[in-house]
Amino acid sequence: MSDRTINQQPHAPHQAGPEEARHAAPAADAPHTPHTHAHGSEPDDFAVQIADSVESFVLSVTEVAKGDEPGSAVSLLLLEVSQLLLAGGRLGAIEDVVPEDRFEPDAGPEPDGEQLRERLADLLAPIDVYHEVFDPYGLPEKPSAFRISDDLAGVVGELQHGLTHYREGRVSEALWWWQFSYLSNWGTTCTAVLRALQSLIAHVRLDSPIGAAPDGADTDNDGLTDEQLEQQAGDLMAAELGLGR
């Protein structure tokens with residue numbers, strides 16, 4: 001059992017910082033009526049739809065990571081991340097979800113996402129590293145380097161935590177967790193990943209070269225030069241989209 005101050009923090013490269021409030025922050029300044037759901041009751045349509053979207057994302061990313069269809073990996077991930085963000089937007093737009101209990105029931109051991117991360121990293125090797133400014137409303141800062149594989153594996157782990165609650169009948173707990181972690185972490189992470197995936201497709205479709213990394217950025221590209229990284233990324237996307245280079 002963990003206190004509602006949440007000792008289990010979402011883990012992903014884009015995490016903004018510790019969140020100690022039990023309830024997710026309101027989506028707007030206007031007052032909200034708490035969204036409640038009795039433990040053990042049947043999930044309503046909203047809960048079922050969110051759970052279906054979450055489970056679809058987890059299953060789809062896991063399948064893509066197997067590498068059986070590498071030629072469609074980027075396109076499939078673009079679709080899946082876009083659809084998950086729609087579910088996240090719905091979670092962010094509703095009133096705060098308020099579980100019945102003050103303490104979060106133990107969801108058991110967290111799944112090990114290392115294998116998923118490694119498979120995604122191998123699959124996306126030429127294009128795994130991307131650059132993003134964390135907070136568009138914060139102080140000006142240099143872009144930071146992130147990995148799509150790290151981000152997606154982290155999001156899957158956060159979503160699975162909520163799925164455990166949902167499958168054990170703790171519907172409001174699952175909704176609270178998905179809403180809280182969307183607002184505090186995976187919403188930002190998925191938005192950044194979506195921008196990276198969309199940018200890759202746009203570069204190839206528009207025949208626009210992938211630029212060099214910003215000065216001072218740590219790309220951790222395993223010794224590849226900017227020209228080699230650009231060539232590999234372009235070749236991968238061209239093959240996926242059926243374009244000759």
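How many helices and strands are in the protein chain?

1. There are six helices and four strands. Helices are DSSP runs of H or I with at least four residues, strands are E runs of at least two, and both are numbered from the N terminus. From that end, the order is β-α-α-β-α-β-β-α-α-α.

2. A note on the source. This is a predicted model, where local features need pLDDT of at least 70, side-chain atom pairs count only at pLDDT 80 or more, and totals for chains, interfaces and linings use all residues. Residues are numbered from 1 along each chain as its sequence is written, and side-chain values use heavy atoms, without hydrogens and water.

3. The protein chain has 245 residues, and 42% count as buried. Buried means under 20% relative accessible area, exposed over 50%, and partly exposed in between (1.4 Å probe, protein chains only).

4. Look at the largest nonpolar core: it has 52 residues. Such a core is a set of buried Ala, Val, Leu, Ile, Met, Phe, Trp, Tyr and Cys residues joined through side-chain atoms within 4.5 Å. Helices H1 (45–65), H2 (73–93), H3 (114–123), H4 (148–167) and H5 (171–205) each give two or more residues to this core. H5 gives the most, with 16.

5. Phe57 is among the core residues with the most contacts inside it. Contact means heavy atoms within 4.5 Å. Beyond its neighbours within four places in sequence, Phe57 touches residues including Glu80, Val81, Leu84 and Leu159.

6. Glu80, Val81 and Leu84 are also among the buried residues of H2.
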